[in-house]
Amino acid sequence: MAFLKKTVEKIAAGLSRTRKMFIGSLKSLLSGRKLDDKLLDDLEETLIQADMGVASAMRIRGDLQQAFTDKRIEAGDQAIEFLKDEIKKYWPESDRSVHFAGEGPTVILVAGINGCGKTTSVAKLAYRFKSEGKKVCLAAADTFRAAAVQQLTIWSERIGTDIISGSGSDPAAVVFDACDAAVARGADILLVDTAGRLHTQDNLMRELTKIRDVVARKIPGAPHEVLLVLDATTGQNAINQAKAFAEAIDVTGIFLAKLDGTAKGGIVVAIRNEVNLPVKFIGIGETYEDVEPFDPEQFVEALFT
Ligand SMILES: Nc1nc2c(ncn2[C@@H]2O[C@H](COP(=O)(O)OP(=O)(O)OP(=O)(O)O)[C@@H](O)[C@H]2O)c(=O)[nH]1
Ligand SMILES: [Mg+2]
């Protein structure tokens, strides 16, 4: 329980911007007011501003209106508790756990647009898995910039993991070697960092498909996870990115980075309602410790704390 409380506090700190903007305006909006159409309009607007998306905002508005009609709630002040319960219900028992290989290394491919937080997120996952006693290998498959390999190398040194990087410019070749190395060294986890690419750049998206195929040929059942990193500060565009990446590489889950950097944490709700992919991890800071598995209960508690 103490652990849970600490986690909520940590997430709450990461969500402080969202909370200030979202809960702050909700409270001033709702307190002392009658739940009428005007208030519901204002509420819907606030939810949209927090990046929950139009569809989610309308759904919540409808649910609130129904609760009011049914006399389950009467005044604005009761709406926050209602919202909390309602939003928690958005994530039933969907699968948010990491799929590990039965035998041999678990390969986790990490992709996303430029600067979304991929390399930092790879470091965070590496640290997390290492803390669980797993042997972790990193593959520096961002061959686009020399600095990218250097950046990942620095993380590997800080965390204390192996890293495989190539000399050429072909990311598929690096991944090919990294798979061999991971098997030879008896690694439990191989985390593949890739170059940033726009979801609209067809040739680069095909390159990603190729990387995925190389992994699949080298290690049966791999990649076990394909994580798309989304930058929480990019707002609704994240939804378009998720759709395009999902099509190219069968994304299995989302790593939502930079939740601490946005006042619009409602994007988590928009992703839930508009993209059929589980958010598996959230990034809430720039160090390798600033990562948590996404837990809706904790998330909503932290949002409304
Ligand atoms: N506040 C905050 N910053 C983050 C988080 N994750 C990453 N960043 C920052 O975002 C910036 C970009 O992070 P990178 O990990 O280099 O992003 P990338 O996707 O690998 O970038 P490219 O390889 O250039 O496409 C860095 O300044 C990171 O410190 C996060 O969860 N919170
Ligand atoms: Mg990078």
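D250 is exposed, with 12 other C-beta atoms within 10 Å. A residue is called buried if 20 or more other C-beta atoms lie within 10 Å of its own, exposed if 12 or fewer do, and partly exposed in between, with C-beta atoms placed from the backbone. The structure is a predicted model, in which local features need pLDDT of at least 70 and side-chain atom pairs count only at pLDDT 80 or more, while totals for chains, interfaces and linings use all residues. Residues are numbered from 1 along each chain as its sequence is written, and chains are lettered from A and ligands numbered from 1 in the order in which they are written.

D250 sits in the loop between α10 (237-249) and β6. Its phi is near 50 degrees, which is positive although D250 is not a glycine. K71 also has a positive phi, about 60 degrees, without being a glycine. The loop that holds K71 runs between α4 (54-69) and α5. K71 counts as exposed, since 7 other C-beta atoms lie within 10 Å.

## The chain as a whole

The protein chain has twelve helices and eight strands. These are DSSP runs, numbered from the N terminus: helices are H or I with at least four residues, and strands are E with at least two. The C-alpha trace spans about 65 × 45 × 35 Å along its principal axes. For 305 residues, a compact globule would have a radius of gyration near 19 Å, and the 21 Å of the protein chain agrees with this. The radius is taken over C-alpha atoms, and the globule rule is 2.2 Å times the number of residues to the power 0.38.

Of the 305 residues, 46% are buried. Two residues are in contact if their C-beta atoms, placed from the backbone, lie within 7 Å. Among contacts between residues at least 6 apart in sequence, 77% join residues at least 24 apart.

Helix α2 covers residues 16-30, which makes 15 residues. From first C-alpha to last it reaches 20 Å, close to the expected 21 Å at 1.5 Å a residue; the expected span is 1.5 Å times one less than the number of residues. T18, F22, L26 and L30 of α2 are buried. They lie on the same side of α2, because they cover an arc of only 45 degrees around the axis. The arc is that of the directions from the helix axis to the C-beta atoms. An α-helix has 3.6 residues a turn, so residues three or four places apart point the same way.

The other side of α2 has the exposed residues K20, G24, K27 and S28. The buried ones pack against α3 (37-49), α5 (79-88) and α12 (296-304). After α2 comes G32, with a positive phi near 70 degrees.

Which residues does G266 contact, beyond its neighbours within four places in sequence? They are F22, L47, A50, D51 and M52. G266 belongs to the loop between β6 (253-257) and α11 (267-274), and it is buried because it has 26 C-beta neighbours inside 10 Å. G266 and A50 are 216 residues apart along the chain, yet their C-alpha atoms are separated by 5.1 Å.

The 17 residues of α9 should span 24 Å at 1.5 Å a residue, and the 25 Å between its end C-alpha atoms agrees. L208, I211, R212, V214 and V215 are buried in α9. They are on the same side of α9, since their arc around the axis is only 155 degrees. D202, N203, R206 and R217 are exposed on the face turned away from that buried side. Among the elements that the buried residues pack against are β1 (106-111), β2 (136-141) and β4 (189-194).

I189 lies in strand β4 and is buried, with 26 other C-beta atoms within 10 Å. Setting aside residues up to four places away in sequence, I189 touches several residues, including P105, I108 and V136. In the loop between α9 (202-218) and β5 (225-231) is P223. The peptide bond from A222 to P223 is cis, with omega near -10 degrees.

## Around ligand 1

How many residues surround ligand 1? There are 20, and the closest are G117, T119, T120, G196 and G283. A residue is near a molecule or strand if its C-beta atom, placed from the backbone, lies within 6 Å of it. Helix α6 (residues 118-131) gives the largest share of this shell, three residues.

The shell has four nonpolar, ten polar and six charged residues. Ala, Val, Leu, Ile, Met, Phe, Trp, Tyr, Cys and Pro count as nonpolar, Asp, Glu, Lys and Arg as charged, and the others, Gly among them, as polar.
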